[in-house]
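These are my notebook entries on a structure that I looked through step by step. I began with a loop, then turned to helix packing and ended with a pocket.

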Protein chains: 4
Amino acid sequence: MTSATTTADRAEPEHRYVLTLGCPDRTGIVARISGFLAEIGGWITEAAYHSDAETGWFFTRQTVRAESVKMGVDEMRSRFAAEVAAEIGPETEWRLTDSGAPKSAVLLVSRESHCLVDLLGRAHRGELPATVSAVIGNHRDLEELTTRFDVPFHHVPFPAQGKAAAFDAVAEIVDGYTPDAVVLARFMQILPPQLCEAWAGRALNIHHSFLPSFVGARPYHQAFARGVKLIGATCHYVTADLDAGPIIEQDVIRVDHSDTVADMVRQGRDIETMVLSRGLRWHLEDRVLVHGRKTVVFS
Amino acid sequence: MTSATTTADRAEPEHRYVLTLGCPDRTGIVARISGFLAEIGGWITEAAYHSDAETGWFFTRQTVRAESVKMGVDEMRSRFAAEVAAEIGPETEWRLTDSGAPKSAVLLVSRESHCLVDLLGRAHRGELPATVSAVIGNHRDLEELTTRFDVPFHHVPFPAQGKAAAFDAVAEIVDGYTPDAVVLARFMQILPPQLCEAWAGRALNIHHSFLPSFVGARPYHQAFARGVKLIGATCHYVTADLDAGPIIEQDVIRVDHSDTVADMVRQGRDIETMVLSRGLRWHLEDRVLVHGRKTVVFS
Amino acid sequence: MTSATTTADRAEPEHRYVLTLGCPDRTGIVARISGFLAEIGGWITEAAYHSDAETGWFFTRQTVRAESVKMGVDEMRSRFAAEVAAEIGPETEWRLTDSGAPKSAVLLVSRESHCLVDLLGRAHRGELPATVSAVIGNHRDLEELTTRFDVPFHHVPFPAQGKAAAFDAVAEIVDGYTPDAVVLARFMQILPPQLCEAWAGRALNIHHSFLPSFVGARPYHQAFARGVKLIGATCHYVTADLDAGPIIEQDVIRVDHSDTVADMVRQGRDIETMVLSRGLRWHLEDRVLVHGRKTVVFS
Amino acid sequence: MTSATTTADRAEPEHRYVLTLGCPDRTGIVARISGFLAEIGGWITEAAYHSDAETGWFFTRQTVRAESVKMGVDEMRSRFAAEVAAEIGPETEWRLTDSGAPKSAVLLVSRESHCLVDLLGRAHRGELPATVSAVIGNHRDLEELTTRFDVPFHHVPFPAQGKAAAFDAVAEIVDGYTPDAVVLARFMQILPPQLCEAWAGRALNIHHSFLPSFVGARPYHQAFARGVKLIGATCHYVTADLDAGPIIEQDVIRVDHSDTVADMVRQGRDIETMVLSRGLRWHLEDRVLVHGRKTVVFS
C-alpha cells in the first residue's frame, strides 16, 4: 500500500529487431553474426547462445535497437540472408522479426474460463505482446465473457459425428486471421494431424498435468488416484502425437491428502494460467526455438 | 488436451457450519468441543488445531455438515455459547458461520487492473466464496472493466487536499454493503486509523513485496536497487501500522540481473494476484485466525 | 553473519506420546478419542485430522506431553485399546509410540554418497529422530565414509547370478537391527517381493524422478530426452510394484535447455537428499499413515 | 530404484578457458570478442551476455574448449589484453581462467555443522570445483568432523577482548592457502573492514534470512516474531556494510503457524546449505560478476 503512482513502471517496450537462428555448430558463427550486427551499427540489447553438445546444434537469439540500425527490417533481412546465413550453411534456420509489427493470437476454448479471462486481462492491460484477434468456442458458454472484452467470438459446435467438419470450420476461421499463435486454452478437443501440420510451431496447448505424467483425459483424477504431492501444468507445441509435443514451460504446486479432485482442479487453474501465459509470451517474443522434440527457451 | 468434459470436476460446495475458536490453552478443550459436536450429531468434515507454545493460546477450526445437525445455525450458536464457550472461559473468542449464507466483498482499486480482473474472473466462475458487491476506484480507469462484469463501480476522487473527505465517502459506500471483506486490490492509498479500526480483521491489503522487506513506496524499485534474486508479495490485514499488519499469505518468484524494474513489475503482478486471491479465499472461508501481530491459517 | 550464539535455537525435543489411528469414519470418533485423552489428563500439543470423502476413512495423529499423563506408555496403550479402540470398531488401526524410545534406521547404499552423507550429517547433529544403526552397501565405495561417522558398514556383493542369496544376507543383517526404517538411499537394486512384504510400511526408497514420470532406470536420461523444464525426486514406501508404492514426499527444481544429463544428475542430488530426509523424518515421527496406494502425511 | 549404474552420469568436466569481462557498453564489443575467439580457433561452449540499461555497463562470460585454442592460457591472456581489452577501453575489467588449474576454498566455521558437512560431502564426491584446503573454527566443536574428511582444522579462539588479534591469526592462516574463496559457513563473527577489503570479491557469507529482511542477529527469531509465511537464506559477498554485500543467491521455504523457532532453525538449515553451495559453485566457476552493490550471475 503506497501513495506513489506506478505509471513510471509501465515502460513502453523499445522498438527492436529480433534475430533467432539455429544451425550445425562450428567455430566462428558468433563472430560472423556479431560482426554483421556491428557493421550495420546494431546496438545489441539482449543476446543469448546455446551450444547443444548432444545434437551438435547451435542456437542464438539477439535483439538490437531498431533505431541503431539505419535500415528497415526487410533490407536487414536481405543483407543477413546474403552476407551471413548463406555463409553459415544451408541447414541454417533463422528469422528476423520486428517488435513493432503487431502480432496476433487466436484462442480456442471450450467451457472453462480461467485461461481465457487471464489472457484477455493481460491483453487488456497491454502486457501480452499481441492482440487477441478472436476466440473460437465449441460451446457458447464463454461467448458473453469474450465479447465484453470487445473480442469477436465464433461458435463452432463439435457434434460427436461431425468433428472433421467442425475442424474444417475452425481452420477456416483461424486462417482468416493469419495469427502468430493458435492457443488451445483448455479447448478439450484433439487437433487432427493436418492442423497440427498446418500450424506447426504456432499452435500451443496447455495440458493440466506435469507431463509426461498423466497424459490424456482427466489428469487431476489420475493425480488424485496416484496420490502425488505436487500437481502441475505443461505448455507445449501441439503435434500429432498427443501431449507429446515440445515442452515450452511447466510448473507445479503442492497438494496434500486433504485436497479433493475439486480442490486440485481449482488450484490447478492457477498453475495453468501462469504456465500458459508465460509460454505464450515467450513464443510471441520469439524466445522459443524448437529442435526435434525439445525446445530452447531464451527466457 | 482431452476430450473429456470437466463438469464432474465442479463440485457443488457442501452446506456446512464453520466453527472457529481461540482461547487460553488447557487440557480438555478439544474433548469439550468435540463432545458437543458429537452430541448434536455433527459430522465433522474438517478439523484443525493449533496449540501455540509461545503465547499459551489454543486455536481450532472445525466444519460440520449442516444436514447432520438437526438445528439451524442460530440455535447451534446459542447452544454452543451456553454449553461450551461459557465453560471454556471468558477469554474465548469464537464464531460459527453458515457456508450457505452469502458473503460479500468490496474492492478498492486505483489504476492497476490485474488483481481486479483476477478476482472478477474468479467470482464469475463461481470460485470465490463471495459476491463482489462493488468496486470503488480513486480513478475512473477501471470503471469500464468493472461494469462489464456487471459489478457497480463507484468513483471517489482523492484530491491531495481532500483525502479525509474522500475516505469518508469511501467508508459510507463500503459500509452500505456490510461486506465480509474490504480488499485493497492495489489501492495505493493509506487507510486512515479510524478505518483500520472500523474494518479490523476485515480489511485485506496486497503489498507488492515480500514483507518485511521493502515497506512503503515503490517496492520493485527498492528490490531492483538491492539486487535481490527473488521478488514477492504479501497479503495482510490492514492495521494502522503501515505494511505491518498480520500476514495471511506470501509468495515469491525468481528474478535475475536481466530483469528491469518493468520486468519485475510485470512478473510481480502474477505473484500479487495469486497471493491476494489465496489470502482472500482463506479469509472468506474463515480459515484465518488473528492473534496479536500474527495469524493462524488453517489452509 | 551475527555474533549471537544459537544454542538457544536447539530445542530439546519434548517427551511425548504419539497416537495415530485410522478407521471407517462416523460421528463421534474425535469426541471419543479426545474424551479419553482429557480423562487421563493428556495435554495435547499437536492434533491433526483427516476425513477422506473418497474412501470414507478417518485418520488422526495426536501428540500429548508424556508428563501430563500419569502413566507409562504401556498402560496407556492397554487403556486406549480397551476404552477407545474396541469401541470404535474392529477395523481400527492404531499405534501409540513413545518419543522417548530410541528409533533406528538402516541404510542400503550403492556407490552414490550424497544421500548417505546427508543422513549421517543429520544424525550427527541430532536432527534425525533416530540412530543410523548400520549401512549396507553392495559395493565398498562408501565404506570409509560410513565408518568415519562411527557407523558400522556391511558389504554384501550383488553378483549378477547371486542376487537372491545377496538379498538373504541383507535381510539377515537388517533384521538383526530391528530398525524402524529401512532406507534405500540410492541402493539401485530392486527389493524382492518377500522383503517388500516383510518390511511393508518400513522400507523407504528415494526415486530420482517426479513419479509417475520416468519410472525405472536412468530417469535423468529420460527427463533430458523428453525436454522437461523441471526435474524431481520422490520418496515412497517400497512395494512389490516397482516405483509405485505410496508416495510420502516429492519436490522439483527447474532445469533448462542448457542443462546436460550430468547437470541434471548434479542438481537432482540436492532434491533427492531434501525429499528423502523429509520423508524419512516424517516416517520416524509417525506422521505418515498409509491407506491403500496413498498416504496421509500430517507434516 | 533402478538396476542401472550411474557411472555414465559422472561426466568428466571438460578442460576450458573461462573469459569474464565487464565494460561500458557500446556497439561492437561482442563482435570484437567473438572475432578474436574465432581467430584463435576457440570453440565456444557457453556464452552469456548482459547489457545493463541502468548503468550502461556490458557484461559477458564465455567458455572455450582449451584444446580448440592452440596456445596456453598465459599466451591467450597476453593476446587478449593486447588485441581486445586495450581496444575496448581502459575501464574494462576482465579475467581469463583455466578450468584445469585447481581452485581452493577455506571455510570459517563456528559450532553449526550443516554447511560444513554439506560442503565437505560435495568436495568428497568431486562435485565442488575446488579443494577445501582448510577449515578454521572459533570453537573446537567441528574439529573432529573436519579431520575425518582429511581436511586440516585450525582452532582460533575468539575471546571477547581479543577479537582483533584473533582475526589477525585467521587472516594469516587463510592467506597461507591463497584461496579462491573464503567461505563464512555460519561463522557468526563479523569480519573487520580490513579483511573485507583484503578478501573483496572472494569472501562469501551465508546469512540465514531472506535479505534485506532480518539483518543482524537471530533472524529466525525475528521471522517468527513477524509471522512471515516463508523463511529464506542469502549468499552474498562480504563487505564492510553488515549483511549488505552484493547478493549472489537466495531461496526460501514455506513455514506456517505451527512452526516454532526451533522448527524454522531446522528447516532453515536446508535452505542455507542449498543457497551457500549454489553461490559458492557459481563463484568458483567464475559465473558471478560484481558491479557496484549488485551481481550479474551467469548461472
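**Entry 1: a proline in chain D**

In which loop does D:Pro212 lie? I looked it up in the model, which is predicted, and found D:Pro212 in the loop between strand S9 (203–207) and H7 of chain D. The peptide bond that joins D:Leu211 and D:Pro212 is cis, with omega at about 10 degrees. I noted this because most peptide bonds are trans.

**Entry 2: the loop in chain B**

I turned next to chain B. There, B:Pro212 has its place in the loop between strand S9 (203–207) and helix H7 (219–226). The peptide bond from B:Leu211 to B:Pro212 is cis, and its omega is near 10 degrees. The loop between S9 and H7 of chain B also holds B:Phe214. I recorded a positive phi of about 60 degrees for B:Phe214, although this residue is not a glycine. Most residues other than glycine have a negative phi.

**Entry 3: helix packing**

I looked up H7 and H8 in chain D. Their axes come within 10 Å and cross at roughly 120 degrees. H7(D) is therefore oblique to H8(D), and the crossing is right-handed.

In chain C, the axes of helix H7 (residues 219–226) and helix H8 (residues 261–284) come within 10 Å and cross at roughly 120 degrees. H7(C) is therefore oblique to H8(C). Their crossing is right-handed.

I also examined helix H1 (residues 29–39) and helix H2 (residues 73–88) of chain C, whose axes are 10 Å apart and which pack at an angle of about 155 degrees. Angles over 145 degrees count as roughly antiparallel, so H1(C) is roughly antiparallel to H2(C). H1(C) passes H2(C) in a right-handed crossing.

**Entry 4: the second largest pocket**

I recorded a volume of about 630 Å³ for the second largest pocket. It is lined by 27 residues, and the closest to its centre are D:Arg95, D:Gly201, D:Val288, D:Leu289 and D:Val290.

Which element gives the most to this lining? S12(D) does, with four residues. Among the elements of chain D that each supply at least two residues are strand S1 (16–24), helix H6 (193–198) and helix H8 (261–284). By class, I noted 13 nonpolar, seven polar and seven charged residues in the lining.

Definitions and conventions:
Residues are numbered from 1 along each chain as its sequence is written. Chains are lettered from A and ligands numbered from 1 in the order in which they are written. This is a predicted model: local features need pLDDT of at least 70, side-chain atom pairs count only at pLDDT 80 or more; totals for chains, interfaces and linings use all residues. Side-chain values use heavy atoms; hydrogens and water are left out. On a 1 Å grid over the protein atoms alone, a cavity is a set of points where a 1.4 Å probe fits but cannot get out, and a pocket is an open set with protein on both sides within 12 Å along at least five of seven lines; lining residues have an atom within 4 Å of a point. Grid points are joined across faces, edges and corners, and a volume is the space filled by probe spheres set on the points. Ala, Val, Leu, Ile, Met, Phe, Trp, Tyr, Cys and Pro count as nonpolar, Asp, Glu, Lys and Arg as charged, and the others, Gly among them, as polar. Axes are lines fitted to C-alpha atoms, for helices over the stretch in contact, and angles run from 0 to 180 degrees between N-to-C directions. Angles under 35 degrees count as roughly parallel, over 145 as roughly antiparallel, 65 to 115 as roughly perpendicular and the rest as oblique. A crossing is left-handed if the near helix is turned anticlockwise from the far one by less than a right angle, and right-handed if clockwise.
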